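This report describes one structure step by step. Please keep the sequence and the 3D view at hand while reading.

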Amino acid sequence: RFAGNPVIKEQGYRFYAGAPIHSPGGHAIGALCLIDKQPREFTERDEKLLKEYAADLSNEIARQ
């Protein structure tokens with residue numbers, strides 16, 4: 001989706017994975033992202049863990 005983005009090309013990024021961080025009201029307010037200049041495999045387990053970490057961050061924000 002972003003392969004044609006000039007910033008992506010300039011920096012040489014080859015891998016991106018992200019999961020939304022939500023406000024207490026359920027709105028997406030950011031993302032927990034993984035970026036690399038090397039292509040990477042991203043398994044279903046990796047996706048599950050990334051989503052869990054993002055949910056943990058959302059919960060921590062809600063506690064503030």
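The model is a predicted one. With that numbering, Ala3 belongs to the segment before helix 1, which spans residues 6–11. Ala3 is exposed, because its relative accessible area is 60%. Between Ala3 and Asp46 there are 43 residues of separation in sequence, and their C-alpha atoms are 22 Å apart in space.

**The two strands**

How do strand 1 and strand 2 pair, and over how many bridges? The two strands run in the antiparallel sense, and eight bridges join them. Together strand 1 and strand 2 make a hairpin that has five residues between the strands. Gly26 sits in the turn of this hairpin and has a positive phi of about 95°.

Pro20 is a residue of strand 1. With a relative accessible area of 42%, Pro20 is partly exposed. Pro20 can also be placed relative to Ala54: the two are 34 residues apart along the chain, and 6.4 Å separates their C-alpha atoms.

Leu34 lies in strand 2. Its relative accessibility is 38%, so Leu34 counts as partly exposed. From Leu34 to Leu50 the chain distance is 16 residues, and the C-alpha atoms are separated by 8.9 Å.

**The aromatic pair**

A pair of aromatic rings is described by the distance of the centres and the angle of the planes. In this model the count is one aromatic pair. Phe15 and Phe42 form that pair, with 5.8 Å from centre to centre and 55° between the planes. Why is the pair called tilted? Planes under 30 degrees apart count as stacked and those over 60 as edge-to-face, so the 55° between the rings of Phe15 and Phe42 makes the pair tilted.

The pair links distant parts of the chain, as its two members are 27 residues apart. Phe15 is in strand 1 (residues 15–22), while Phe42 is in the loop between strand 2 (28–36) and helix 2 (44–63). Is each of these residues buried or partly exposed? Phe15 counts as buried because its relative accessibility is 12%. Phe42, at 32% relative accessibility, counts as partly exposed.

**The largest pocket**

Rolling a probe the size of a water molecule over the atoms shows where empty space is left. The largest pocket of this model holds about 160 Å³ of space. Which residues line the largest pocket? The lining consists of Phe2, Ala3, Ile8, Tyr13, Arg14, Phe15, Tyr16 and Ile35. Sorted by class, seven of the lining residues are nonpolar, none is polar and one is charged. Arg counts as charged, so Arg14 is the charged residue of this lining. Two residues already described, Ala3 and Phe15, are included in the lining.

**Salt bridges**

Side chains of opposite charge can pair when their charged atoms come close. How many salt bridges does the structure hold? The number is three.

| Residues | N to O distance |
|---|---|
| Asp36 and Arg40 | 2.4 Å |
| Glu47 and Lys51 | 2.9 Å |
| Arg63 and Glu60 | 3.7 Å |

In the bridge between Asp36 and Arg40, Arg40 is partly exposed, with a relative accessible area of 48%.

Glu47 and Lys51 are both in helix 2; they are four residues apart, so about one helical turn separates them. Glu47 has a relative accessible area of 34% and is therefore partly exposed.

Arg63 and Glu60 also belong to helix 2, where a spacing of three residues again means a separation of about one helical turn. Is Arg63 exposed or buried? Arg63 counts as exposed because its relative accessibility is 66%.

How values were computed
Residues are numbered from 1 along each chain as its sequence is written. This is a predicted model: local features need pLDDT of at least 70, side-chain atom pairs count only at pLDDT 80 or more; totals for chains, interfaces and linings use all residues. Side-chain values use heavy atoms; hydrogens and water are left out. Rings of Phe, Tyr and Trp (its six-membered ring) pair if their centres lie within 6.5 Å; planes under 30 degrees apart count as stacked, over 60 as edge-to-face and the rest as tilted. Buried means under 20% relative accessible area, exposed over 50%, partly exposed in between (1.4 Å probe, protein chains only). On a 1 Å grid over the protein atoms alone, a cavity is a set of points where a 1.4 Å probe fits but cannot get out, and a pocket is an open set with protein on both sides within 12 Å along at least five of seven lines; lining residues have an atom within 4 Å of a point. Grid points are joined across faces, edges and corners, and a volume is the space filled by probe spheres set on the points. Two strands pair if DSSP finds at least two bridges between them. A salt bridge is a side-chain nitrogen of Lys or Arg within 4 Å of a carboxyl oxygen of Asp or Glu.
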